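Please view the sequence and the structure first.

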Amino acid sequence: MPQEAAIGMLMAMPMATPRIKATPTTTTPAEATTRAMATGMARRLTTAPATLITPPMADPPAHATPSAPFAPPAPGEARLRLFQLVSPALPVGAFSYSEGLEWLVQHGRLPDGAAVRAWLEAECRAGVLAIEAASLPELMDLLRRAGGDGPGAREAALAVREWESWLLAQREAPELRAQQRQMGGSLGQLLADLGWPPPVEAAPLAWTAAWAWAGLCLEIPPAELVEAYLYAWTASQLSAAVRLVPLGPTEAQRLQLALAPGLAHRARELATCDPRTLWNAGVGAGLAQLGHGELYSRLFRT
C-alpha cells in the first residue's frame, strides 16, 4: 500500500487514540513497514498541540452591523456626510422623476427660466414639499425612540407609520405616492447595507421618513437636514428642467444661486414649525402630476 494512501486512511479515522489491530502472523515486509509508519504517524498526531488541529475561524459576514451605528462623526466630517446625502450619486432614482414638470413644459406653462424659478419658489412656499420638510424633526425624534429599547419603542414605530400615511395622503397622484415609496425603499435598503437598518419593520419607509432616518444615521442636525431636503428637491427639479424647458446648464446654476437665500430662510422657518399648522396649496402641481401619465411621449418615469 502506498504511503499517501495509508496517511489518508489514518486522517479519516476518529481523533481518539487509534486502536491498532494485532499484526497477523503472516505479514510481508512491505506491509509491516507500512503499518509501522502509520503507527508512528498516529502517535505524533495524538500528541500534537491543539493549535495545529483546531479548525480555522469562519470569515466575518460581508455586511456586519456596526456596534455603534450612531457614533459621532470626526471633526469636519458632519458636513461631508450631508454632502453625501444630497449628492446626485445617491442611488435612489431621483433623476428619473420630474414630478409634473414635464407636463407643465409640454403644455407651455414653463417656457423659460423665470417661469421655472417662480414655480419652484411657489412649491417651497406653499406646496406639499414644505409640509414634508417641516415633518423631518418630528420624524427624527420618533425614529430615535423607535430604534431604542425603551417601553415606548413600539408606540413610536406606530406613530412613524401614521405620520407617513398622513404625508402620503398629501400627494394627490398615485404615481407620486409610488415614487415616495420607491425612493424611500431604496434609501432604506442602502442604509441597511451600510449597517443602519430602519427600526420600523413590515414595510419600507417612504421617502420623507427614510430621509429622517438617514439624518439620524449620519448625525446631521435637524435644521441642516430640513435645508438639505429643500435643496435636494430644487436641484433635482432644475436637472429635469435642463432637459425639458430647454434650460442651459449655466442658467440652471444661476437659478440655483438665486434660490439659495430663499431656501435658507424657508428652512429656518420650517425647522421650528408644526407641520400640522401648514396646508398644501399646490393644486396646480397635483393636476400636473396626475396628467403626466397621459402624455403621448415623455422622458421621465410616471
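## Basis of the report

Helices (H or I, at least four residues) and strands (E, at least two) are DSSP runs, numbered from the N terminus. The model is predicted, so local features need pLDDT of at least 70 and side-chain atom pairs count only at pLDDT 80 or more, while totals for chains, interfaces and linings use all residues. Residues are numbered from 1 along each chain as its sequence is written, and side-chain values use heavy atoms, with hydrogens and water left out.

## Gln 289

Gln 289 belongs to helix H12, which covers residues 283-292. Its relative accessible area is 7%, and it therefore counts as buried (under 20% relative accessible area; exposed is over 50%, partly exposed in between; 1.4 Å probe, protein chains only).

Which residues is Gln 289 in contact with, leaving aside its neighbours within four places in sequence? They are Glu 99, Gly 100, Arg 171, Glu 172, Ala 173, Glu 175 and Leu 176. Contact means heavy atoms within 4.5 Å.

## Helix H9

Helix H9 spans residues 207-217, and eleven of its eleven residues are buried, so the helix is largely enclosed by the rest of the structure. Among the buried residues are Trp 207, Trp 211, Trp 213 and Cys 217.

Glu 219, with a positive phi near 60°, follows H9.

## Aromatic pairs

A pair of aromatic rings is described by the distance of the centres and the angle of the planes. Rings of Phe, Tyr and Trp (its six-membered ring) pair if their centres lie within 6.5 Å; planes under 30 degrees apart count as stacked, over 60 as edge-to-face and the rest as tilted.

The structure holds three aromatic pairs. One of them joins Trp 163 and Trp 166, edge-to-face, at 6.0 Å centre to centre with 75° between the planes. Both residues lie in helix H7, three residues apart, about one turn of the helix. Trp 163 is buried at 10% relative accessibility, whereas Trp 166 is partly exposed at 30%. Trp 211 and Tyr 229 also pair edge-to-face, with 5.6 Å centre to centre and 85° between the planes. Trp 211 is in helix H9 and Tyr 229 in helix H10, so this pair ties together parts 18 residues apart in sequence. Trp 211 is buried at 1% relative accessible area, and Tyr 229 is buried at 4%. Ring pairs link Trp 207, Trp 211 and Tyr 229 into a cluster.
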